[in-house]
Amino acid sequence: MTATQTPATNLDPWTQPLETLDPSEGTLYQRGLLHEYMRRLRREDPVHWSPTGPTGGYWSVTRFDDIVAIDSNHQVFSSDRDITVGDAPEDFAPRNFIAADPPVHDAQRKSVTPAVAPHRLVELEALIRERTAGVLDSLPRGETFDWVDKVSIELTTQFLATLFDFPWEDRRLLPYWSDVTTSTEQVGNTTFPAEERERILMECLGYFTKLWTERAAAPPKFDFLSLMAHNPETRDMVDNPLEFLGNLMLLIVGGNDTTRNSMSGGVIFMHDNPAEFAKLKANPALAASAVPEIIRYQSPVAHMRRTALEDFEFGGRHIRKGERVVMWYVSGNRDESVIERPDDFIIDRTRPRHHVAFGFGIHRCMGNRAAELQLRILWEEIVKRFPKGIEVVGEPERGVSNFILGITKLPVRIAA
Ligand code: HEM
């Protein structure tokens with residue numbers, strides 16, 4: 001909460017005056033209110049101006065087609081510098097390619113894409129399956145444990161460690177640095193105060209700088225660091241420490257929170273919808289369409305933000321040059337005019353990939369196929385082993401953020 005946001009006394013989305021509705025309040029998801037905020041905005045004010053916000057006023061775009069239109073128009077709606085609803089502080093704003101426009105964006109994205117290219121994923125599939133099986137086989141039976149820690153964090157961390165070729169014994173540093181990165185006032189989560197956050201991230205930079213130096217001196221490989229260190233467009237990045245750190249933060253968070261929260265969300269959705277789990281059990285090939293449905297339904301990245309480079313008429317509203325424009329993917333994914341029965345979890349939809357959870361346009365998620373692969377393998381291996389599914393035995397705990405919609409604890413039990 002900052003000076004521009006006043007403590008909300010009434011958070012009820014339907015009784016507040018429309019003009020005061022501010023969906024960037026960081027606790028809405030935790031309190032189970034975010035979807036209702038979005039429903040009201042989609043219905044009554046699909047291009048909505050909130051004068052408050054973490055660092056000032058911003059537009060909310062909540063309908064599917066409008067999100068696609070803004071995300072596709074990078075000439076007018078820039079990613080330069082900030083991609084969350086609030087601006088990063090002046091004194092510490094590491095740069096990276098998700099928060100950049102062409103040509104910087106294109107060159108840097110291209111340098112790391114081979115780590116998750118289709119042929120590389122084919123090579124990695126057997127390894128991911130073996131590790132997933134190992135983690136699932138090690139789970140306790142007939143007793144309560146936290147699925148987030150034992151499965152979602154462990155599996156996404158193992159995969160990310162592979163993409164970075166990161167020292168295996170230190171791999172839990174990755175989710176730790178991810179949590180530090182996503183803890184900012186701008187997203188409404190201050191678990192790590194700004195100074196401590198900066199100190200920890202500089203440690204992360206120090207750790208990775210050593211790895212970079214080793215990779216630069218060795219023959220090229222397919223991990224993120226080696227790819228950047230050997231690419232003519234990015235090989236000097238290490239000399240610009242804040243840009244190097246920014247890209248590390250992007251790759252760490254990109255491959256971490258997102259898939260992790262989809263792994264946890266999927267368990268809740270299957271538990272709440274036993275008929276859908278029964279369909280999957282009867283036909284495990286449905287994992288291919290269950291996975292995009294899980295991702296749509298969870299929408300782990302709630303929004304991306306752009307900045308208007310010029311005045312622009314949109315949806316009957318006048319967006320002025322310099323204004324913040326937030327695309328709420330979490331809302332587009334429940335837009336009843338585009339997705340049939342959007343509030344239902346249905347694993348055999350005819351167009352399961354018709355969602356905006358991965359964004360759209362030139363910044364569309366670089367790791368989308370990698371994420372789908374990890375989740376598909378997870379569900380294929382779950383149905384093989386646990387015919388009764390995973391029982392959720394307590395209230396899931398949800399994180400505080402207007403950006404990452406996360407599940408921090410999920411007590412479950414697997415039948416003995
Ligand atoms: C369910 C899992 C995931 C979801 C929902 C997700 C979502 C997103 C979204 C919404 C964007 C921004 C799109 C836009 O601005 O149009 C994005 C970008 C990105 N994602 Fe993901 N992501 C996931 C998994 C991953 C994984 C596994 C990786 C890495 C291995 C990754 C790496 C990235 C990167 C590098 C970008 C920046 C792309 C660019 O700016 O060109 N993501 N992701």
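This is a predicted model: local features need pLDDT of at least 70, side-chain atom pairs count only at pLDDT 80 or more; totals for chains, interfaces and linings use all residues.

Next, turn to strand 8, which covers residues 324–328. Is this strand enclosed or open to the outside? Five of its five residues are buried, so strand 8 is largely enclosed by the rest of the structure. You can check this face by face: Arg-324, Val-326 and Trp-328 are buried on one side, while Val-325 and Met-327 are buried on the other.

Strand 8 also has pairing partners. Strand 2 (residues 58–61) pairs with strand 8 in the parallel sense, over three bridges. In that pairing, look for Trp-59 standing opposite Val-325. Strand 5 (residues 303–308) runs antiparallel to strand 8, and five bridges join the two. Here Arg-305 has Val-326 of strand 8 as its bridge partner.

Let's stay in strand 8 for a closer look at Arg-324. Its relative accessible area is 14%, and the cut-off for buried is under 20%, so Arg-324 counts as buried. A polar atom of the Arg-324 side chain lies 2.9 Å from the backbone oxygen of Thr-55. Thr-55 is also one of the residues that Arg-324 touches, and others among them are Gly-56, Gly-57, Tyr-58 and Trp-59.

Three of them form an open, antiparallel sheet in the order 4-12-9. The edges belong to strand 4 (145–146) and strand 9 (391–392), each of which pairs on one side only. Strand 4 is joined to strand 12 (residues 411–413) by two bridges, with the two running antiparallel. To spot this pairing, find Phe-145 and its bridge partner in strand 12, Val-412.

The last stop is helix 4 (residues 118–137), where you'll find Thr-132. With a relative accessibility of 2%, Thr-132 counts as buried. What does Thr-132 touch, leaving aside residues up to four places away in sequence? Its contacts are Leu-155, Ile-377, Leu-378 and Glu-381.

Technical notes
Residues are numbered from 1 along each chain as its sequence is written. Side-chain values use heavy atoms; hydrogens and water are left out. Buried means under 20% relative accessible area, exposed over 50%, partly exposed in between (1.4 Å probe, protein chains only). Helices (H or I, at least four residues) and strands (E, at least two) are DSSP runs, numbered from the N terminus. Two strands pair if DSSP finds at least two bridges between them. Contact means heavy atoms within 4.5 Å. A polar contact is a pair of N or O atoms within 3.5 Å; within protein, one must be able to donate a hydrogen and the other to accept it, and residues adjacent in sequence count only if both atoms are side-chain atoms.
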